[in-house]
Amino acid sequence: MAGSERDEDARVRLPQLRLDELLEELQARIDAARGTRDRVHSLLEAVLSVGRELDLEQVLHSIVEAAAALVDAQYAALGVIGPDGKRLSAFHTVGVSEEEIARIGHYPEGHGILGELIRHPEPLRVEKLSDHPASYGFPAHHPPMNTFLGVPIRVRDQVFGNLYLTEKRGGAHFDEEDESVLSTLAVAAGVAIDNARLYEESRLRERWLRANAEITHGLMSGSERGSALALIAERAREITGAALAVVAVPMADTDSLTVELAIGQGADTHRGLVLPVDDSLLGRAFTRAAPVTSADIAHDDRTFPGPQRYPALGPAVAVPIGSGEGVRGIVLLVRAAGRNAFTEKEIEPLQGFAAQAAVAMELAERRQDAEQIAVLEDRDRIARDLHDLAIQRLFATGMTLQSAGRFIEHKEASERVLRAVDDLDETIKIIRSTIFGLRSPADEGAGGTGLRARVVRVVGEAASVLGFPPSVRMEGLIDTHVSKEAADHLVAVLSEALTNIARHARADRAEVVLETDGREVRLTVADNGVGVPAGGRRSGLRNMAERAERLGGTFGITGSADGGTTLLWRVPVGER
C-alpha cells in the first residue's frame with residue numbers, strides 16, 4: 001500500500017516539474033520579446049533623434065551617442081573618411097574626456113584595426129582587439145579596450161565613414177544582434193548625413209547668392225572698385241571659414257601682381273606686396289585663369305621668397321576673379337593650420353562667386369565709361385558753343401569798338417575803348433585756352449610710366465644679377481602723391497642699393513618696401529648678407545645721402561647682430 005502511494009506522488013510531482021519548466025521557458029521568451037521590443041523601440045527613438053538634426057556636426061555627434069546607447073558600449077567613435085579614401089579626416093568620440101584626448105594626442109588617421117574597416121567596409125566583430133592581425137596596439141595614455149564592433153556608414157553609394165564601438169559593459173562580447181542593430185542605425189545615419197549635407201549645401205548656395213547680390217548692388221550703386229574688392233574678400237573669407245583673405249590685381253605695364261588689400265590674420269604683412277606672375281601661387285592662378293590649391297601654404301615652394309608671412313596658417317586656394325582673358329585679379333583664401341584643405345565642392349561655388357563678381361565689376365566699369373562719355377560729350381558741346389557763339393560775339397564786339405574808336409576825339413575816352421578791346425582779346429585767349437582744356441583727354445600730360453611700375457622693373461632687372469628675386473611691398477598712393485623729381489631720385493637710390501647687395505652683401509634674400517602717407521615717401525631695402533664692412537668704399541652710400549639731402553630728406557643704414565643690412569631713404573613727396 002505504501003509503495004502505491006509513493007508512485008502516485010511521483011506521478012503528481014512529474015507534471016508539476018514539467019509545468020514549472022514550461023512556465024520558466026515562457027517567462028524567458030516573454031522577457032526576450034520584451035527586451036527585443038524595448039531595443040526596437042530604442043532603435044526607432046535613435047533613428048528619429050538622428051533624423052531630426054540638420055547641422056552635420058550635431059548629426060555625427062548624435063549618431064555616436066545613439067550607437068553607444070543601443071549596444072551598451074563604454075566607448076564609441078565615428079571616423080569620417082577623407083577625400084583620398086585612405087585616411088580619417090575627422091573623428092567624433094563618446095566616452096573619452098577632453099583631458100584624456102589631450103593626453104593621447106592626435107586623433108587616429110585610420111591605421112591598424114580602423115584601417116581594416118576602411119579597406120574592407122563590412123561589419124567587423126572582434127572579441128579581443130590584440131588578437132586581430134591588423135591590430136598593433138594603442139598609443140600612450142589610451143584607455144584599455146578589448147571587445148570591438150565596427151560597421152561602415154554609407155551615404156548613397158559612397159562610404160562616408162565608420163562606427164567603432166568598444167568595451168561592451170558588463171564584460172560581455174558584442175553579438176549578432178548588436179551587429180544587426182548597429183547596421184540598421186548606420187543605414188539611418190547615412191540618410192541623416194545625406195540630408196544634413198544637402199541642407200548645408202543649400203544654405204551655402206544661399207550665402208553665396210546673397211553675397212553676389214550685395215556686391216552687384218554696391219557696384220551698380222556707384223561703390224568704388226576698392227570697396228567692391230574688400231567686400232569680395234570679406235564675404236569669401238566668412239563663408240569659407242578662412243583666417244586670411246588677400247586680393248591681388250595686375251600692375252599696369254608689368255608682369256607682376258600687387259596685393260591691393262588683405263583682411264584677417266597677418267594682413268599687414270601682405271598689403272602692397274608685389275608678386276611675380278611666373279613663380280608665385282597667385283601668379284599661377286592668374287596665368288591659368290583657374291583655381292590653384294595648396295595643402296600647406298607655409299611650406300609651399302610657390303610662396304614668394306622673403307620673410308615668413310604665413311605663420312600658423314595652412315590650407316589655401318587662389319581663385320581668379322574672372323575667366324580667360326578677362327581675369328581682373330586673384331583672391332587668395334588661407335585657413336588656419338590643421339584645418340581641412342579646400343575641396344572641389346567648396347572651390348566650385350567660390351569660383352562661381354568670383355566670376356559673378358567679375359561680371360558685376362565689368363558692368364560697373366561700363367556704366368562708369370558711359371558716364372565718362374556723357375561728361376566728355378557735354379564738355380565738347382560747351383567747347384563748341386563757346387567757340388561758335390561766345391568767341392564770335394566777343395570778336396565782333398571788339399571789332400566794333402575798335403572801329404568806333406577812330407571816331408572818338410576825346411583822348412581819354414579813346415584810350416578806354418582801346419583798353420576794352422585789349423581786354424576782349426585777352427578774354428578770347430582765356431576762352432580758347434578753356435576750350436583746349438575741355439577738348440583734351442583728362443589724363444593727357446600724366447604721361448610716362450608710374451613709380452610703381454618703375455620700381456618693379458628695377459627689381460626685376462636686379463633679380464638676374466642677385467641670383468634671386470627680391471620681395472617687394474608697396475603701400476599708399478605712390479603714383480599720385482610722389483613728384484617726378486622725388487621718383488627719379490628714389491629709382492636711382494633703389495638701383496644703387498640692389499647693385500650694392502649683388503656686389504658686396506653675399507645675401508640670398510632681400511626685401512624692398514616702398515610706402516607713402518601723402519607727406520613723405522619712404523624706401524626700405526633690407527638683406528640678410530654680411531653687412532657693410534668697416535673699411536669698405538662708401539661712395540654709393542654718400543650719393544644716396546646727397547640725393548636725400550637735396551630733397552630735404554634723410555638717409556640711414558643699420559645692421560643687425562645676425563648679419564644683414566637695412567637701408568632707409570625718406571624724403572618729402574614734393575610738388576606734383
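In helix H4 (residues 112-119), the buried residues are Gly-112, Ile-113, Leu-114, Gly-115, Leu-117 and Ile-118, so that 6 of the 8 residues of this helix are covered, where buried denotes under 20% relative accessible area, exposed over 50% and partly exposed in between, with a 1.4 Å probe and protein chains only. Helices (H or I, at least four residues) and strands (E, at least two) are DSSP runs numbered from the N terminus. The model is predicted, with local features requiring pLDDT of at least 70 and side-chain atom pairs counted only at pLDDT 80 or more, whereas totals for chains, interfaces and linings use all residues. Residues are numbered from 1 along each chain as its sequence is written, and side-chain values use heavy atoms, with hydrogens and water left out.

The charged end of Arg-335 sits over the ring of Phe-342, 4.0 Å from its centre, the criterion being NZ of Lys or CZ of Arg within 6 Å of the ring centre and within 35 degrees of the ring normal. Elsewhere, Trp-208 is buried, with a relative accessible area of 5%, and Phe-353 is likewise buried, at 2%.
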